[in-house]
Amino acid sequence: MYKRRIRDTKESSIKYVTRQTLRVILPRLFDAVLRLLCLLSLVDTKGGDVSAFVLDFSDAFWQIPIAADELRFFCVTSLIGGIRKYMALLRAAQGSRAAPLLWARLAALLMRLTQSLFPVSDVNLMCFVDDPIAALRGTDLEKRTSAAIIVLVWEALGFKLAYHKGQFAKVVTWIGGTLTCESSGVRARVKDAIVDDVKVDLSRIRGMNVVSHKELHSLVGKLSHCAGLLIALRPFLQPLWASLYADVSGAPANTVWVKQIAPTLSWIDTFFKGSVGGIERYFSVQAYLHQGPVVEIGTDASPRGMGGWMSINDTITHNFACLVRPDDASIFGHEIGSSTGQQVWECLAVLIGVAIWSDQWKLDRINLRVRGDNVGALTLLIKLRPSSTALAIIARELAMHLIEISFPPEAVHTPGVSHVIADKLSRVYAPGGSQVVSSAIHPALAKAVHTVVHERPRPWYRTLSADPA
């Protein structure tokens with residue numbers, strides 16, 4: 001029978017007197033997609049084709065020796081055959097607070113040293129903890145030679161490698177996703193085993209009355225991993241995290257009422273059943289290179305109104321201007337005219353612009369660019385990680401519209417003093433405003449079509465419905 005020993009440094013209190021002074025930012029599946037697309041974009045000019053090479057490190061933490069004067073800080077004891085034995089660990093075992101950071105810094109150094117041996121147009125390396133991946137470009141012989149050099153260098157430096165997990169192909173599995181290199185782009189899909197686990201968890205939890213924090217935390221962890229690729233899934237996780245850390249819910253200790261999170265679970269279920277978005281994404285080289293028409297949206301908000309414009313290839317074709325409505329105040333919990341709601345109205349203006357003009361790009365592959373003077377609104381657009389319940393509503397709606405775009409939008413910050421047209425449009429219906437949208441606001445609006453923005457009652461927000469259908 002296989003037994004695994006779990007080591008922790010809580011008992012000796014070493015864990016509590018050590019500190020992590022750095023935070024490691026790990027790559028995601030989408031980062032690997034970008035590396036592969038970068039090399040695919042060079043095929044036409046430099047030749048060859050693109051493959052991926054994956055070769056994991058074996059027993060990563062155990063490969064780092066502990067300094068002689070620190071051996072006394074990492075000892076373990078155990079009953080073996082009825083006899084208590086004490087052992088001094090010579091390697092940095094998993095379980096200490098500093099071990100992950102120590103390995104991460106060593107792995108980062110190794111990736112940079114290895115990358116220095118190749119032009120970035122031929123080899124592009126990255127590593128997720130102990131799972132490295134290399135995007136390779138060239139002829140089959142050139143790619144195999146590059147892979148062989150990588151292996152030999154790592155072996156020469158004394159790193160143990162898990163050869164039985166090695167992959168060299170156009171289709172590879174890496175950190176829970178499957179990447180397929182095609183001639184015109186990269187197809188990425190969440191690993192089937194993870195999808196099956198999530199489906200089983202969703203089905204089981206939705207049939208419960210209460211769910212334990214442990215089970216819900218496990219599900220959110222899996223979903224967070226999937227959201228590394230399925231970016232539109234991110235804002236749907238906010239209610240789940242909120243329920244885990246809510247002070248009072250009325251549920252038994254360490255549990256959450258399923259009814260409380262049922263609408264969110266229903267929406268997440270649609271992703272994994274393919275009804276909304278699906279678990280696969282295709283990223284084309286054309287979209288990566290920003291080829292095709294550029295659709296740009298500029299928005300702004302004031303305490304009482306919102307406005308924006310849309311341009312196609314640098315010519316403004318449409319605009320909108322609208323008041324902050326009583327429905328907006330009711331749904332988001334901010335009074336009309338109050339400065340406390342400014343951040344929400346800035347984000348809502350972006351959502352309105354994307355929503356009313358999304359028909360302009362549904363049938364075409366376009367490059368979407370959103371311009372604004374509010375950093376928070378632009379950050380919400382590209383990261384879809386809301387910091388409040390109000391912003392989570394907007395982020396989920398944005399996600400539903402952005403699913404239809406082949407590549408994530410570009411966000412451009414414009415200083416407020418330069419964001420003239422959108423600023424004036426946001427104040428059209430304010431007290432003392434012109435009450436009319438015309439070229440008098442700005443000459444660039446002379447040929448623009450004014451889009452009427454209708455009221456936004458609760459049913460306008462699709463994701464506020466408990467039934468995704």
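This is a predicted model: local features need pLDDT of at least 70, side-chain atom pairs count only at pLDDT 80 or more; totals for chains, interfaces and linings use all residues.
A residue counts as exposed when its relative accessible area is over 50%, as buried when under 20%, and as partly exposed in between. I start there since the terms come back throughout this talk.

Take Asn254 to begin with. Its relative accessibility is 57%, so by that cut-off Asn254 is exposed. Asn254 sits in the loop that runs between helix H8, residues 238–245, and strand S11, residues 255–257. Its backbone is worth a look: phi of Asn254 is near 60°, which is positive, and the residue is not a glycine. As background, most residues other than glycine have a negative phi.

Asp59 also has a positive phi, about 50°, and is not a glycine either. Where does Asp59 lie? It lies in the loop between strand S1, 49–54, and strand S2, 75–80. With a relative accessible area of 48%, Asp59 is partly exposed, because the exposed class needs over 50%.

Now the aromatic rings. How many aromatic pairs does a search of the whole structure find? The search finds twelve. One of the pairs is Trp241 with Tyr245: the ring centres are 6.3 Å apart and the planes meet at 20°, so this pair is stacked. Both residues belong to helix H8, and they are four residues apart, about one turn of the helix. Trp241 is partly exposed at 30% relative accessible area, while Tyr245 is exposed at 59%.

Another pair is Phe332 with Tyr461, and this one is edge-to-face, with 5.8 Å from centre to centre and 80° between the planes. The pair links distant parts of the chain: Phe332 is in helix H11, residues 326–332, and Tyr461 is in the segment after strand S18, 449–450, which puts them 129 residues apart. Buried or exposed, for Phe332? Phe332 is buried, at 6% relative accessibility. Tyr461 is buried as well, with a relative accessible area of 1%.

Ring pairs also join Phe57, Trp103, Trp154 and Phe159 into a cluster.

Last item, helix H2, residues 29–40. H2 has twelve residues, and the distance from its first C-alpha to its last is 17 Å, close to the 16 Å expected at 1.5 Å a residue. Which residues in H2 are buried? They are Leu29, Phe30, Ala32, Val33, Leu36, Leu37, Leu39 and Leu40.

That is what I have for today.

How values were computed. Residues are numbered from 1 along each chain as its sequence is written. Side-chain values use heavy atoms; hydrogens and water are left out. Helices (H or I, at least four residues) and strands (E, at least two) are DSSP runs, numbered from the N terminus. The expected span of a helix is 1.5 Å times one less than its number of residues. Buried means under 20% relative accessible area, exposed over 50%, partly exposed in between (1.4 Å probe, protein chains only). Rings of Phe, Tyr and Trp (its six-membered ring) pair if their centres lie within 6.5 Å; planes under 30 degrees apart count as stacked, over 60 as edge-to-face and the rest as tilted.
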